[in-house]
Amino acid sequence: MYRLNETHDPALRSWVASANQADCDFPIQNLPLAVLRRRGSNEPLRGGVAIGDQVLDLAAAVQAGVFQGQAKAAAQAASADSLNALMALGAASWSALRLALSRALREGAVARTALEGCLLAQADAEYALPARIGDYTDFYIGIHHATAVGKLFRPDNPLLPNYKWVPIGYHGRASSVVVSGTPIRRPLGQTKGSAETPDFGASQRMDYELELGFLIGGAANALGEPVAMADAEARLFGVALFNDWSARDIQPWEYQPLGPFLSKNFGSTLSPWVVTMEALAPFRAAFTRPAGDPQPLPYLDSPANRERGALDVQLEVWLQTEKMRAAGQPAVQLTRANAREAAYWTPAQLVVHHAVGGCNLQPGDLLGSGTLSGPGPNQSGSLLELTQGGKQPIQLPGGEQRSFLADGDTLSLRGWCEREGARRIGFGECAGTVIAARAII
Ligand code: CA
């Protein structure tokens, strides 16, 4: 697990002035990575680092000659059209790149002259997914979400008996994971009401899921070889915001006995910026269990994980309908939650459990946390919970109401970390707009 070092010093300032604003998501203490190019161009996609409202083009920075040794090799790996090669290099290389970037971008750096021409305004960039995602696995670590959803079906016994012992998950679909800004088409599928035969048509209960996405890095464990708790943190490259869109009316009919299928595979939105685990070092928190809950089995337990395995991330969900957009009304906040309060398991435990049967985890794999709802009424990470399964629609400014998402709705997730003695860092935005279903053929 990363220790605090000079890159986390809250007093550091950048020669990129916008990075020094107090509410900026991307101060010099953050340095998240993305894959991008100039908007509307056919330039090659390549890796970049956010600093203030700018992006440092890593390929251009390598050309400018500001990196040496391990940092240079890491920057070269990050200059490709995905971050997979950088992710594969491992923690020592990621750290070397972060230190070199921090030193080159801070006030007074001699590299300033060489790097000024390597900046691109974020507003002028278009983004691709940060990684070629080989496999996507969706977990279910939000215990308040699991309890609230369970209550809709089993009021007396909302959590199934395995929940507090096994990090519950299923294998998702990687091909339909898209980068923030990509429209999400309402899915078609079968639903079953009270009639004898199922209906076929557009989902009427489209929902979002507020999640964090954990991107895997480091040398892949060979097929058949588990990952120990002591090695798990080194297999985590970084964290992005993740909206795992869901069709709540398709799921109940299709999900038994093998689990969710079309209700979950029509689109999942990942934010472009990946905040590295090292950037998150000041925002780790103790992993604890409520009194009376079982302690994790030994293979999911370690002193380091107990001490600071959890992630303290503030999360928000915002909604702007098409009507609100047309009227110039700003988005409205639906949810505010905290990942540490919401999560029953830590990222390291997910890595270890995923691999314990011998599954090989590879650089660029994506683990979704599952919906991160807090315990309170305005902390729900899905409309399913906020509207009590659609029974209590939420009222929006302008007179509209929503039980589930309508066409034209733009949903955006935001996240940030703050703690006394550390510089606030943010995750940027993870947004998508729902578009109408295809006509039924
Ligand atoms: Ca999910």
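Okay, everyone: which strands each supply at least two residues of the lining of the second largest cavity? They're β2 (46–51) and β3 (54–57), strands here being DSSP runs of E, at least two residues, numbered from the N terminus.

Quick housekeeping: this is a predicted model, where local features need pLDDT of at least 70, side-chain atom pairs count only at pLDDT 80 or more, and totals for chains, interfaces and linings use all residues. Numbering runs from 1 along each chain as its sequence is written, and side-chain values use heavy atoms, with hydrogens and water left out.

Back to that cavity. By cavity I mean a set of points, on a 1 Å grid over the protein atoms alone, where a 1.4 Å probe fits but cannot get out; lining residues have an atom within 4 Å of a point. Volume is the space filled by probe spheres set on the points, which are joined across faces, edges and corners. The second largest cavity comes to about 50 Å³, and its lining includes R46, G47, V55 and D57.

Why does the D138 and D244 pair tie together parts 106 residues apart in sequence? Because D138 lies in strand β6 (residues 136–139), while D244 is in the loop between β14 (236–243) and β15 (246–247). D138 is buried at 3% relative accessible area, and D244 is buried at 0%; buried means under 20%, with a 1.4 Å probe and protein chains only.

Terms used: On a 1 Å grid over the protein atoms alone, a cavity is a set of points where a 1.4 Å probe fits but cannot get out, and a pocket is an open set with protein on both sides within 12 Å along at least five of seven lines; lining residues have an atom within 4 Å of a point. Helices (H or I, at least four residues) and strands (E, at least two) are DSSP runs, numbered from the N terminus. Buried means under 20% relative accessible area, exposed over 50%, partly exposed in between (1.4 Å probe, protein chains only).
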